[in-house]
Amino acid sequence: MSEDVNQKALAMLAQMKTKRSEVPEFLEFLAHELPEVFVRHQEDKHFAMHWGDLPEKVKVLICLAVCAALGEEEMIRSYLIAGRDHGATEQELLQTILLARFVKASTVLKAGTQAIMNHKGSERE
């Protein structure tokens, strides 16, 4: 492992700590134990969060919605903190989670309805 990658990871982690009120534990671990993975993850995040015209707060809220739909509790907590750090109100955070719930529930409804439709179709054959 290159000392340059180690130093870059620790510098990125230090910068993250100046911008965030809390850094997720798994990122701390990656920065120290797998710095190459941490650096690549942070570079990918930087690209995703800064490419295009959507405001960063909106991108953070989208990330929150995805984590909520996936049921990733630690990541939900992390993006709740990030949302607050980016100026999201409690109402905006709640709206984001409610939208995620609706989309997730819609996928369950679609899958269940499709299974019923398929079953009814096979009964006719």
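The model is predicted, so local features need pLDDT of at least 70 and side-chain atom pairs count only at pLDDT 80 or more, whereas totals for chains, interfaces and linings use all residues. Residues are numbered from 1 along each chain as its sequence is written, and side-chain values use heavy atoms, with hydrogens and water left out.

**Overall form**

The protein chain has six helices and zero strands, in the order α-α-α-α-α-α from the N terminus. Helices (H or I, at least four residues) and strands (E, at least two) are DSSP runs, numbered from the N terminus.

| Property of the protein chain | Value |
|---|---|
| Radius of gyration | 20 Å |
| Box of the C-alpha atoms along the principal axes | roughly 70 × 35 × 25 Å |
| Accessible surface | about 8900 Å² |
| Share of that surface on carbon and sulfur atoms | 60% |
| Buried share of the 125 residues | 26% |

For a compact globule of 125 residues, the radius of gyration would be near 14 Å; the radius is taken over C-alpha atoms, and the globule rule is 2.2 Å times the number of residues to the power 0.38. Accessible areas come from the Shrake-Rupley method with a 1.4 Å probe, and for residues only the protein chains shown count as cover. Buried means under 20% relative accessible area, exposed over 50%, and partly exposed in between (1.4 Å probe, protein chains only). Of the contacts (heavy atoms within 4.5 Å) between residues at least 6 apart in sequence, 53% join residues at least 24 apart.

**The largest pocket**

A pocket is an open set of points on a 1 Å grid over the protein atoms alone, where a 1.4 Å probe fits, with protein on both sides within 12 Å along at least five of seven lines; lining residues have an atom within 4 Å of a point. The largest pocket has a volume of about 730 Å³, the space filled by probe spheres set on the points, which are joined across faces, edges and corners. Its lining holds 27 residues, with Gln-42, Lys-45, His-46, Met-49 and Glu-56 nearest the centre. Two or more lining residues come from each of helix 1 (3-19), helix 2 (25-33), helix 3 (35-50), helix 4 (56-70) and helix 5 (73-85). Helix 3 gives the largest share, nine residues.

**Val-39**

Val-39 also belongs to helix 3. This residue counts as buried because its relative accessibility is 9%. Leaving aside residues up to four places away in sequence, Val-39 touches Val-5, Lys-8, Ala-9 and Met-12. Thr-89 lies 50 residues from Val-39 in sequence and 30 Å away in space, C-alpha to C-alpha.
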